[in-house]
Amino acid sequence: MLAAFDGALPDEGADPVAVVEELAATADVGLSGNVGPRFFGFVIGGALPAARGADLLTGVWDQNAGINSLTPAAAAVEVVAGRWAVDTLGLPAGSTVGFVTGGMMANYSCLSAARHSVLARAGWDVAARGLFEAPRVRVVVGRYRHDTVDRAVRYLGLGQDSVVEVDTDGEGRVSTPSLEAALAAGEGPAIVCLQAGEVHTGAFDDFAAAVPVARRYDAWVHVDGAFGLWAAASPSYRHLTLGLDAADSWATDAHKTLNVPYDSGLAIVRDPTALAAGFGVETDYLIGAAGDPMERVPEFSRRARGFAVWAALRSLGRDGVAALVDRLCATAGMLAKGFEEIDEVEVVNDVVFTQVMFRLATDERTSEAGRRLLADGTCVVTPAVWHGRAVQRCAVSNWSTTEADVARTVDAVRRVVAGL
Ligand SMILES: *Cc1c(COP(=O)(O)O)cnc(C)c1O
């Protein structure tokens, strides 16, 4: 693709229609089918029709969403869509929501609020004084947290050495006794990062047990729920998130489970002043609580991301969000059942949500099956290593995946395994 696009910038411009046509023609073979119903790699999501339409409008309207007075519609929609998300996720009313690019920046934004808050409780104003000579902040995380938590810690200047790793169980859930031991073993301000939806297994930390432990040590509790937070929106899966609402901040993607087009994440923080402490633009950051959208996110000027989130939630309604979550989970269950019926194939995780991992008799055969499956082209699953063994990993995150897609995918795996 680089060769296809390569070349020096021409001196002469070109007709805009010709440029767009050239772009479409050249890019075509390098585009991925990741919005398709049998794309199960990574955790990619899909695009609900209403959200796709709103996203197109967003591009055409081209609003700068940072400032209330400049783009009142964009600002108002973020307030309302944020409130809807908080409500449907069962999080505390009045929590503030920053519309960011994705889970990475949602984790970053929430941990920025956390850093401010735990240092303020230790008598240190990080906004004014920075981190030099500040009390050391401990960031206590499970062994299987997402890499973006570590990146956020580095962006925030807390340093990788501040990360304290806690043991997890076979499904990647934080062990509460290990969490307690880690908190007891150190001292000073602490942030505990829990997880709603582990990327391999889909497992949820035991919030009801872990949050009270973190509270005893006066820690800020952050939850990375990039795709899993939405379990809280479904009466059938809400039990996985019991105690989740007692945390201080929650990071999630709209572009995964909610099926909003890229780029769209939500940074949700219980205490509105804590987000504004890092991102406020006034000397007195407290006005940020009711201030401009830019005071809830790291960016200044940006795209009006709220429109597509609003449209997704408006088109689904509360019941539709629950039904979407239920359908993704049911689809994962069907995939798992189909895989298990294939000779030699073993599903290795407890399929509680949308993630399914399988393997064959040996790592070599698992990896080879993955390569052949990609070459076959029926579906995309991605390779991973779980507890030291090669696996193939599926994430069900697209609203448009049907039972027929499941059947075709299972058939493809059966065909590939039989041909090994
Ligand atoms: C995808 C994911 C992230 C990162 O989100 P982006 O939208 O890719 O920035 C963080 N945590 C978890 C658990 C994820 O699945």
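**Overall fold and local features of the predicted chain**

Residues 24 or more positions apart account for 73% of the contacts in the chain with a separation of 6 or more, a contact being defined by heavy atoms within 4.5 Å. The structure is a predicted model, in which local features need pLDDT of at least 70 and side-chain atom pairs count only at pLDDT 80 or more, while totals for chains, interfaces and linings use all residues. Residues are numbered from 1 along each chain as its sequence is written, and side-chain values use heavy atoms, with hydrogens and water left out.

The secondary structure of the chain comprises 13 helices and 11 strands, where helices (H or I, at least four residues) and strands (E, at least two) are DSSP runs numbered from the N terminus. The radius of gyration of the chain is 22 Å, close to the 22 Å that the globule rule gives for 420 residues, so the chain is as compact as a globular protein of that length; this radius is taken over C-alpha atoms, and the rule is 2.2 Å times the number of residues to the power 0.38. Along the principal axes, the C-alpha atoms fill a box of roughly 65 × 60 × 45 Å. Of the 420 residues, 53% count as buried, with buried meaning under 20% relative accessible area, exposed over 50%, and partly exposed in between (1.4 Å probe, protein chains only).

The chain exposes about 18100 Å², of which carbon and sulfur atoms supply 56%; accessible areas come from the Shrake-Rupley method with a 1.4 Å probe, and for residues only the protein chains shown count as cover. The mean positions of the 35 positive and 52 negative charges are 4 Å apart. In this count Lys and Arg are positive and Asp and Glu negative, whereas His and the chain ends are not counted, and each charge is placed at NZ of Lys, CZ of Arg, CG of Asp or CD of Glu.

Just after α7, G157 takes a positive phi of about 75°.

Two individual buried positions were also examined. V297 lies in the loop between α10 and α11 (306-340) and, at 1% relative accessibility, counts as buried. Leaving aside neighbours within four places in sequence, V297 is in contact with G98, F99, V100, F279 and R302, while V297 and S264, which are 33 residues apart in sequence, are 12 Å apart in space, C-alpha to C-alpha. T88, by comparison, is placed in helix α4 (72-88) and counts as buried at 8% relative accessibility; not counting residues up to four places away in sequence, T88 touches W230, A232, A233, R318 and V321.

Cysteine pairing was considered next. A disulfide is a covalent bond between the sulfur atoms of two cysteines, and is assigned here to a pair of cysteine sulfur atoms within 2.5 Å. The structure holds 0 disulfides. The sulfur of C193 is 9.6 Å from the closest cysteine sulfur, in C110, and is therefore too far for a bond; C193 is buried, with a relative accessible area of 4%. For C329, the closest cysteine sulfur is that of C394, at 14 Å, again too far for a bond, and C329 is likewise buried, with a relative accessible area of 4%.

Several backbone details remain to be described. Most residues other than glycine have a negative phi, and most peptide bonds are trans. The peptide bond from Y262 to D263 is cis, with omega near -5°, and D263 lies in the loop between β6 (249-253) and β7. D62, although not a glycine, has a positive phi of about 55°; D62 is located in the loop between α3 (49-61) and α4 and counts as exposed at 62% relative accessibility. D218, also a residue other than glycine, has a positive phi near 60°. The place of D218 is in the loop between α9 (207-216) and β5, where D218 is partly exposed, with a relative accessible area of 47%.
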